[in-house]
Amino acid sequence: MAVMKSGIEGDPAVERTNVHPVQVQALRIIDDVLSDPDPELADVRESLRGHIARNPNRPAPALLLHLMDTRLSEP
């Protein structure tokens with residue numbers, strides 16, 4: 001399952017599979033973060049891409065790890 005603005009919602013291929021709703025929600029959040037053009041979020045996008053690369057086909061754990069790292073790095 002790719003992370004892209006492909007329209008997971010309503011995609012018949014996804015709806016016929018046993019994709020857990022949490023996974024779909026995680027993909028939507030990831031897609032929103034990665035598609036945000038704000039230059040100030042470049043580091044955030046890079047961090048999230050790293051977590052996605054280390055957790056292929058596991059968007060929810062990748063997002064969770066990213067959020068944990070983000071929380072730990074805040075002052």
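Where in the protein is confidence lowest, and where is it highest? I looked this up before anything else. This is a predicted model, in which local features need pLDDT of at least 70, side-chain atom pairs count only at pLDDT 80 or more, and totals for chains, interfaces and linings use all residues. Residues are numbered from 1 along each chain as its sequence is written, and side-chain values use heavy atoms, without hydrogens and water.

**Confidence.** I found the lowest mean pLDDT, 51, in helix 1 (residues 12-15), and the highest, 95, in helix 3 (residues 42-54). pLDDT is the predictor's confidence in each residue, from 0 to 100. Helices are DSSP runs of H or I, at least four residues, numbered from the N terminus. The protein's average is 81, and 71% of the residues score at least 70. Residues 1-9 stay under 50. Where pLDDT is low, the predicted coordinates should not be read in detail.

**Helix 2.** I checked residues 21-34 next. Helix 2 has 14 residues and reaches 20 Å from first C-alpha to last. Val24, Ala26, Leu27, Ile30 and Asp31 are buried there (under 20% relative accessible area; exposed is over 50%, partly exposed in between; 1.4 Å probe, protein chains only). They cover an arc of only 160° around the axis, so they lie on the same side of helix 2.

**Val33.** I found Val33 in helix 2 as well. Val33 is partly exposed, at 24% relative accessibility. Beyond four places in sequence, Val33 is in contact (heavy atoms within 4.5 Å) with Val44, Arg45 and Leu48. Val33 and Val44 are 8.2 Å apart, C-alpha to C-alpha.

**Asn57.** I noted a positive phi, near 60°, at Asn57. Asn57 lies in the loop between helix 3 and helix 4 (59-73). Asn57 is exposed, at 60%.

Notes. Helices (H or I, at least four residues) and strands (E, at least two) are DSSP runs, numbered from the N terminus. The expected span of a helix is 1.5 Å times one less than its number of residues. The arc is that of the directions from the helix axis to the C-beta atoms.
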